[in-house]
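Reader: I am new to this structure. Please take me through one part of it closely.

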Amino acid sequence: MRSKKLATAVLSLLVAGSLLFAGCGQKQAAPAGEKKEGAKFTLRLAETHPPDYPTTLGDKKFAELVGERSNGRIKVEVFPSAQLGEEKAVIEQVQLGAIEMTRVSSAPLAEFNKQFGAMSLPYIFDNDEHLWKFLEGPMGAQMLDGLEKSKMKGLAYYDSGARSFYGRTPLKSLNDIKGLKIRVQQNKINMDMMSALGASATPMGYGEVFSALQTGVIDAAENNYPSYYSSNHYQSAKNFILDKHQRVPEVLLISKIHWDKMSDDDKKLIKQAAMDSVKFQREAWAKYEKESEAKLREAGVTITDVPDVKPWQDAVKPVIEKYQADFKEVLDAVAQARK
Ligand code: BDP
């Protein structure tokens, strides 16, 4: 399945790459400056989730707004279902300019831009309201702009709810997490978090988790309701425990190589369309979150509430302590957003 996906990814890249500048009558990637002054161009946007998933719906809304506002001159083409590759590989391609845009989780971004690591620290946000107050504040904007150092330009944040554990064996309390082999998103904070919980971390791309759970290569993974449901992970990991250890925002971003080639008017248009797609994405998120929870319950998944997260917070304290100094600026802003 993976190699077929990879072949499709390579093919899509080749096809899309050769079509990219077809509107300008060119076959090669344009040199800097080419997209200025009303140029016609296409931006491919890589998305890991399926077409009906709320981040993909946000991407499509963004594409629609860009199309309308540029009178069809700028086309955003969304490639869902990891057709262009897994997130980590896609980010590398975006840095190189081989893929123009992507929507990714902050977690893999952390390996390319340190500040985003803070978004994987457990329990730093009290709830969604707190998270969004932070994201919409000055530090949220600064982090998006700070991606320029990493050859990308952040445009907007999308909702991703809270992440919780799910496994093949019953998960009723913190104790049940101990000793498990758990798949994590690829960054070092997640590795430390699993050690703090007494589990062993197995980092891997999202697309590999389904078969890893099925074959028992891993015992457990963690995610929000929408991903747990749409990825079918619940079919072999039927025990979900709502510990809500992280709120990891999604990021819509563009390759700096392509961003720098655009006129100021086009940059404004793209940035505004991204920001205007957020409300739609968050509504789609809220709706899908409820629907996926209902479908999971219907499918007979065991869902355990965690009324008191204090023991979980205590267990992961060493992780916060380890990274406190590194992420001081971000954590100060997180504290500020709580007020
Ligand atoms: C989902 C994110 C997706 C990540 C995935 C993961 O939307 O971008 O790839 O988690 O766990 O919630 O890797």
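Which oxygen atom lies 2.5 Å from a polar side-chain atom of Glu 250? Please describe the surroundings of that contact too.

Author: It is an oxygen atom of the ligand, 2.5 Å from a polar side-chain atom of Glu 250. Taken alone, the ligand exposes 320 Å², and the protein buries 98% of that. These areas come from the Shrake-Rupley method with a 1.4 Å probe; for residues, only the protein chains shown count as cover.

First, some ground rules. This is a predicted model, in which local features need pLDDT of at least 70 and side-chain atom pairs count only at pLDDT 80 or more, while totals for chains, interfaces and linings use all residues. Residues are numbered from 1 along each chain as its sequence is written, and side-chain values use heavy atoms, with hydrogens and water left out.

Back to the ligand. Arg 183 has a side-chain N or O atom 2.7 Å from a ligand oxygen. For Asn 223, a side-chain N or O atom is also 2.7 Å from an oxygen atom of the ligand. There are 13 residues around the ligand (a heavy atom within 4 Å). His 49, Glu 87, Arg 183, Asn 223 and Glu 250 come nearest. The shell divides into one nonpolar, seven polar and five charged residues. Here Ala, Val, Leu, Ile, Met, Phe, Trp, Tyr, Cys and Pro count as nonpolar, Asp, Glu, Lys and Arg as charged, and the others, Gly among them, as polar.

At least three residues come from each of domain 1 (41-160 + 248-290) and domain 2 (163-246 + 302-338). The bounds come from an automatic or database domain assignment.

Now the nonpolar cores. A nonpolar core is a set of buried Ala, Val, Leu, Ile, Met, Phe, Trp, Tyr and Cys residues joined through side-chain atoms within 4.5 Å. Buried means under 20% relative accessible area, exposed over 50%, partly exposed in between (1.4 Å probe, protein chains only). The largest core has 80 residues. Leu 43, Phe 62, Leu 109, Leu 121, Phe 134 and Phe 165 touch the most other members. This core, too, draws at least three residues from each of domain 1 and domain 2. In soluble globular proteins, nonpolar side chains tend to be buried together.

Terms used. Polar contact = N/O pair within 3.5 Å; in protein donor to acceptor, adjacent residues only side chain to side chain.
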